[in-house]
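Trainee: Hi! Could you walk me through this one, a bit at a time?
Mentor: Happy to, let's look at it together.

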Amino acid sequence: MEPVKPLDSRQVANIGKSVVIKGELSGSEDLYLDGEVEGNIELNGNSLTVGPNGRVRAHVNAREVVVNGHLDGDISATERVELRKSAVLVGDIRTQRIMIEEGASFKGSIDVQREGKTEPKRGTAAYEPAGAAVSQK
Amino acid sequence: MSTVADNFLKMFRGGTGGNGSHRDAQHRAQRHSTALNEFMRAIAHEESLCILDLGPTSANNIALLTDRGFQVYTEDLLTSAADPELMIKDELGNTTIDIDRFLKENLAFRGQKFDAVLLWDVADYLPEVLVKPVIERICSVMKPKGILLSFFHTRDAGPEAPYCRYHIAGQDSLELQLVPKVETNGATEERHYRLQRVFNNRHIENLFREFASLKFFLARDNLREVLVVR
């Protein structure tokens, strides 16, 4: 597996794969997380990268979230979410942009909120088939 | 008359050693779908629908549906059903699936109701004990007049009919992709789902008896397409 780098080389806090944290995690810099975290992660305006060894059981609030490992929790990202091919995510995603690599596993809902998008009105698909029928191509 | 299985078996026969399966997993077979066309027409003029995809995760489908402003919920039902932790012993000592636990951990949407469901051919591959409970649960989480798209293999498909990921490629077209190898605990595990049963029309009608109506489409590749209205 090719090495996974954090989103860029600016200030990045690093949690190595042997580290286990239980509780609230917050910060004002980007975070690369390759260990185990249980709780909540608040990185408003910053990015979170979950490394391939990362095991996260937490709700996440950040600007950008990139997942290479396991994340069990909801993600709210103001800009984008990226699930790489080794990602396993269980939880709901709320973001502006989403990118999912082939091979990523995801269970949950995705709500893409484009900038400037107004609160949508909910409709119901109305389909009225003409009774049970066999139609051949 | 070519079948979906034929298309993928050609890839297996022609594959080279180690890369064969990897290449097979990358290859996508094209398929026209009349039922998909009707499904897409039904959702075309609606806003902000809530759609549930129960096949293997498809980034393609997620992108296509979210681009249209829909909220998408995705859950790979068959992978969940294969979880070894669901296995229990029944009164006779036989290994079976803990249905209650399965329904507690899957298809549990905290009150969320769906306008449309993509079931694909998952029902053909589900363990027998899960088929009826899963359909009942889907019925309970669909809004009235919601639509469900499902495929069922005919008898001619054969027991080796491959389990595929369905990507929506257009208004009436799909791309089928073999479910790729899965790494488990550092070892590479090739997952092959086997066709569990063949439903006939009567079975399908019975399966969806709590729904309002069904429409069948029979395609050339021995896949019966069904559009169901809640």
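Trainee: In what order do the 3 strands of the open sheet in chain B run?
Mentor: The order in chain B is β1-β9-β8, and the pairing is antiparallel. The edge strands are β1(B), residues 28–32, and β8(B), each of which pairs on one side only. Two strands count as paired if DSSP finds at least two bridges between them. Helices (H or I, at least four residues) and strands (E, at least two) are DSSP runs, numbered from the N terminus.

Trainee: By how many degrees are neighbouring strands of this sheet turned against each other?
Mentor: On average by 30 degrees, direction ignored. Axes here are lines fitted to C-alpha atoms, for helices over the stretch in contact, and angles run from 0 to 180 degrees between N-to-C directions.

Trainee: And how many bridges join β8(B) and β9(B)?
Mentor: There are 5 bridges, in the antiparallel sense. One residue pair to look up is Arg165(B), whose bridge partner in β9(B) is Gln177(B).

Trainee: Before I go on, is this predicted or experimental, and how do I read the labels?
Mentor: This is a predicted model, in which local features need pLDDT of at least 70, side-chain atom pairs count only at pLDDT 80 or more, and totals for chains, interfaces and linings use all residues. Residues are numbered from 1 along each chain as its sequence is written, while chains are lettered from A and ligands numbered from 1 in the order in which they are written.

Trainee: OK, new topic: is β6(B) enclosed or open?
Mentor: β6(B) is largely enclosed by the rest of the structure, because 7 of its 7 residues are buried. Buried means that 20 or more other C-beta atoms lie within 10 Å of the residue's own; with 12 or fewer the residue is exposed, and in between it is partly exposed, with C-beta atoms placed from the backbone.

Trainee: Which strands does β6(B) pair with?
Mentor: One is β2(B), residues 50–53, in the parallel sense over 3 bridges. Another is β7(B), also parallel, over 5 bridges. Leu118(B) takes part in both pairings: Leu118(B) is the bridge partner of Asp53(B), and Leu118(B) stands opposite Leu149(B) in β7(B).

Trainee: What about helices? Which residues of α3(B) are buried?
Mentor: In α3(B), residues 34–44, they are Ala35(B), Leu36(B), Phe39(B), Ala42(B) and Ile43(B). Seen down the helix axis, these residues fall within an arc of 125 degrees, so they line one face of α3(B). That arc is the one spanned by the directions from the helix axis to the C-beta atoms.

Trainee: What covers them?
Mentor: The cover includes β6, β7, β8, β9, β12 and β13 of chain B.

Trainee: And which residues of α8(B) are buried?
Mentor: In α8(B), residues 128–140, they are Leu130(B), Val134(B), Ile135(B) and Ile138(B). They cover an arc of only 125 degrees around the axis, which puts them on the same side of α8(B). They pack against α5, β5, α6, β6, β7 and α9 of chain B.

Trainee: Zooming out, how many helices and strands does chain B have?
Mentor: Chain B has 9 helices and 13 strands. Buried residues make up 39% of its 230 residues.

Trainee: What are the averages for chain A and chain B?
Mentor: Chain A averages 84, with 76% of the residues scoring at least 70. Chain B averages 84, with 83% scoring at least 70. For the complex, the predictor gives an ipTM of 0.79 and a pTM of 0.83.

Conventions:
Two residues are in contact if their C-beta atoms, placed from the backbone, lie within 7 Å. pLDDT is the predictor's confidence in each residue, from 0 to 100.
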